[in-house]
Amino acid sequence: MTTFTHDDFISPFTWRYGSQEMRRIFSERHKRLLLRRIWIALAKAEAKAGLVSDEQIAELEQHAEDIDIERASQIEAEIHHDLMAEIRTYAEQCPKAGAIIHLGATSMDILDNMDAIRLKEALGIIIAGTEDLLEAYIDRMEQTKGLACMAFTHLQPAEITTVGYRLAQSAQDLVDDLERLRQTLASIKGKGMKGAVGTGASYKELVKGRGMSSMELERLVMDELGLECFDAATQIYTRKQDLGVIEALSSLCCTLYKAAADFRILQSPPIGEWSEPFGKKQVGSSAMPFKRNPINCEKVDSLTRYVSSLYMTAWQNGCTTFLERTLDDSANRRLMLPEAFLATQEALLTFTKVIRGMSIHEGGRRRMMDAYGIFSASERLLMELGKRGADRQEMHEVIREESLKAWAELQEGRPNNLRENLMGDRRILDHLSAEEIDGLLDATSYTGDAEERCELVISKARKALGRP
């Protein structure tokens, strides 16, 4: 049996990224267990047509878990056909039933139905991970829905939002991603049992005169597997199904990428409002002992970028398996499907830890609000001046001039003196008292409907998770 050590190239997905549960789904052993499950389902259906005996089925079931990859590899080295090697390995273990294994089938009847089962299993794990992340977002949004902070447009301080409302943007996207993933899971179909070019000719010939149609045989097999099948197929199921799966994963990864990238910006010391968890013994840099690099968010962005690159591979597979089938897709699917799921899952697991363990730094939040919040609140001052009968255009120019002066002071590292300047401006004092001006320039309450809108997202997220 082939063994691997760290003297060989081993994919990071073999041991570094993703969970053992996801790796098991795409393992060779699990694949071969599913192949045998499909052969048994086919044999059971053929038994109802009098083609297979109960004794043969019992023997197949007795050896269903006796996977022998070493023996199959020896046979494959001789015949250069992986599925036939597994068939022969299984047949050697089943002297009575070996002759009927794969009866009437072509390779992709077995392999594509196996892949459909794996897609459903893997999607189930991704959906559960997305639900966990959404739970973490709900908890954080509840805690911070009213906590004012600076918002940014064009990466420049703009107006005031709340921490919870900022999180709500990603949570809202996650709700949509979760719905798409669930729809994708519900739509997964197998090829069915349709033979070499999808017409079912071999099965029709096999059951002729036995009181069963080839389509009835197919239904029996698929019912046994708990899997729907496409009405029409070639030698394979349409590879647009894989494209739909990669699209759903890529959409989720898009959400994760933006959320992690935004987190990295907010963790940057000049802003310093958030930080991801950092262990007591964690090393941030081999050269700079003081560094606290956002390595988790960076990993999320790196992995999700990789998943997005797989979309074009899936797209090309969907349109270049010419006519009834070519092998243009075969080798890359061995890489694309497991790696897409493992990379997405690793990103999900990592970012869930980030959200659950994130720190929100009051000092950084307050520093940003003190420095830039008043510029936002000056808009509220302008609105109130208009209501008091002041000339809106004149007041806009007054506030603009004073704001530009204050901004220049900030750029030179000096305190923001906009509040004092506006409170002492006679043109404004003609309409408002100094105390009123001071109150209007308090930016902490200038958050509009942010808290209420955050609560709307929380409600929808709870509904998506089936929570009250």
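Keep in mind as you look around that the model is predicted.

**Stop one: the largest pocket**

Start by selecting Phe-26, Ser-27, Glu-28, Lys-31 and Arg-334, the lining residues that lie nearest the centre of the largest pocket.

H1 (12–15), H2 (20–25), H3 (28–47), H5 (69–79), H6 (82–93), H7 (107–144) and H13 (330–357) each bring at least two residues to the largest pocket. Which helix gives the most? Select H13, which contributes eight residues to the lining.

Now try colouring the lining of the largest pocket by residue class: you will find 17 nonpolar, 17 charged and nine polar residues.

**Stop two: the second largest pocket**

Move on to Phe-152, Arg-166, Gln-169, Lys-258 and Asp-262, which are the closest to the centre of the second largest pocket among its 23 lining residues. The space here comes to about 540 Å³.

Strands join in at this stop. Select strand E1 (148–153) and strand E2 (156–162), then helix H8 (163–187), helix H11 (240–267) and H13; each of these supplies at least two lining residues. H11 has the largest share of this lining, with seven residues.

Finish with the class colours once more. The lining of the second largest pocket holds 14 nonpolar residues, five polar ones and four charged ones.

**One last selection**

Notes: Residues numbered from 1 in each chain as written. Predicted model: local features only at pLDDT ≥ 70, side-chain atom pairs only at ≥ 80, totals over all residues. Heavy atoms only, no water. 1 Å grid on protein atoms, 1.4 Å probe; cavity = no way out; pocket = protein on both sides within 12 Å on 5 of 7 lines; lining within 4 Å. Helix = DSSP H or I, 4+ residues; strand = E, 2+ residues; numbered from the N terminus. Nonpolar A, V, L, I, M, F, W, Y, C, P; charged D, E, K, R; others polar. Points joined across faces, edges and corners; volume = space filled by probe spheres on them.
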